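User: I'd like a close look at a single part of this model, taken slowly. Could you pick out the place described below and walk me through it and what surrounds it?

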Amino acid sequence: MTENQNVVFVSRPGVNGEPKEENFRFEQCPYPVDIQKDEVLIKTLYLSTDPALRYFFEMNESTGVDYVGPWQIGETIEGFGGVGSVMKSLNPEFVEGDLVCSQYGWPWIEYFVRKPDKSFQKVDKSLVGGKISYCLSVLSLTGLTSYLGITEKGHIQPSHTLVISGAAGACGSLAGQFGCLKGCDRVIGICGSDEKCKYLTDELGFNGAINYKTQNIKDELCKHCPKGVDVYFDNVGGTISDQVIKQMNKDSHVILCGQISVYNKDVPYPPPIPEETQQCLQQNNITRERFLVLNYPEKFDESLKQIAEWLLSGKIKVKETISEGLVNAGPAFVSMMRGGNIGKQLIHVASQ
């Protein structure tokens, strides 16, 4: 076999620019023929696309952190998660045919050689119910972020009203269902289309949904949250979050999952907020701290066990927006950043 393909990073969108399809280039590249001791040859089946690749890390010249570097022009893109099949192994821990996944450090290429580290895990097919893409959505850092966000940072109680922005996205759609399963009194989602609102209420069991593009957020929050807001799962930031925070009760909690409204702007994280919003936080003793799921590794196994139990018993519904072919990885990323996905945005690269 001599054919291979990858996605190369060819230009930066600019510090305050939106990602464009021309920032990415699909190419043919050499098939890896040299495999050394302890290495495996992997065929990529699915890739994860994640908004954090734009804001926190690789698309700017500097990432602002010392533990990850920016994408280099002309090189294969190094994404976050991926799932693949072992085609050949010189590693005693893996055999041909094993399914493996990793939550970070997966290149946007069909075939590659890697010496597996702790991030590479064998896929337990019994947990994913036959859908290996779940390794990158519900049974991944995405699912853990949603679950641990509402339990560890949100301190969810059965009497609580939970509001979620970006509610039809990868984390938001799961966080709302977890809130329902944890017994929240009301779960309200905010998203950007009537289709997404209908999905939240009709399929996922949300008590209400608000289309921020066509409805008055303040008025709708008052209608849907008559007792105020106790927990806010914040995926977007900006003016939407300012409106939600004004409706929050004393001693309530904001879960800073993401701030996609400012991901194309050169601002620190968490981004600055208006003085009026800051005063509201202080006066009502509302917690608003950065949430990073990697700070809770000791809770991963127990949390994934609970999520898998709900998934296999049909208590969780998972929707994924899947683009076909590595050639569409760049366009899929751009679409996701513009809100074109429902649930997790994935790329189907190849079949097993």
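How do the residues of the lining of the second largest pocket divide into nonpolar, polar and charged?

Analyst: Keep in mind that this is a predicted model. The lining of the second largest pocket divides into 14 nonpolar residues, five polar and four charged. That makes 23 lining residues in total, around a volume of about 690 Å³. If you want a handle on the middle of the pocket, go to C101, Q103, Q121, L139 and L304, which lie nearest its centre.

As for where the lining comes from, the elements giving two or more residues are β6 (99–102), β9 (121–122), α2 (125–128), α3 (141–153) and α9 (300–312). Helix α9 has the largest share, with four residues.

Now for the packing elsewhere in the model. As a general point, nonpolar side chains in soluble globular proteins tend to be buried together. Here the largest nonpolar core has 81 residues, and W108, L200 and F233 have the most contacts inside it. Helix α10 (residues 329–337) gives the most to this core, namely six residues. Apart from that core lies another, of 18 residues, with V163, I188, I240 and V244 among them.

L200 is worth a click. Setting aside neighbours within four places in sequence, L200 is in contact with A167, A168, G189, C191, G205, F206 and A209.

Nine of its nine residues are buried, so β3 is largely enclosed by the rest of the structure. Its strand pairings go like this:

- With β5 (residues 82–89), β3 pairs in the antiparallel sense over seven bridges; V40 has S89 as its bridge partner there.
- With β8 (residues 111–114), β3 is again antiparallel, over four bridges, and I42 stands opposite F112.
- With β17 (residues 344–348), β3 is joined by three bridges, and the two run antiparallel; S48 stands opposite L346.

When you inspect those pairs, remember that side chains in a regular strand alternate between the two faces of the sheet.

Terms used. Residues are numbered from 1 along each chain as its sequence is written. This is a predicted model: local features need pLDDT of at least 70, side-chain atom pairs count only at pLDDT 80 or more; totals for chains, interfaces and linings use all residues. Side-chain values use heavy atoms; hydrogens and water are left out. On a 1 Å grid over the protein atoms alone, a cavity is a set of points where a 1.4 Å probe fits but cannot get out, and a pocket is an open set with protein on both sides within 12 Å along at least five of seven lines; lining residues have an atom within 4 Å of a point. Grid points are joined across faces, edges and corners, and a volume is the space filled by probe spheres set on the points. Ala, Val, Leu, Ile, Met, Phe, Trp, Tyr, Cys and Pro count as nonpolar, Asp, Glu, Lys and Arg as charged, and the others, Gly among them, as polar. A nonpolar core is a set of buried Ala, Val, Leu, Ile, Met, Phe, Trp, Tyr and Cys residues joined through side-chain atoms within 4.5 Å. Buried means under 20% relative accessible area, exposed over 50%, partly exposed in between (1.4 Å probe, protein chains only). Contact means heavy atoms within 4.5 Å. Two strands pair if DSSP finds at least two bridges between them.
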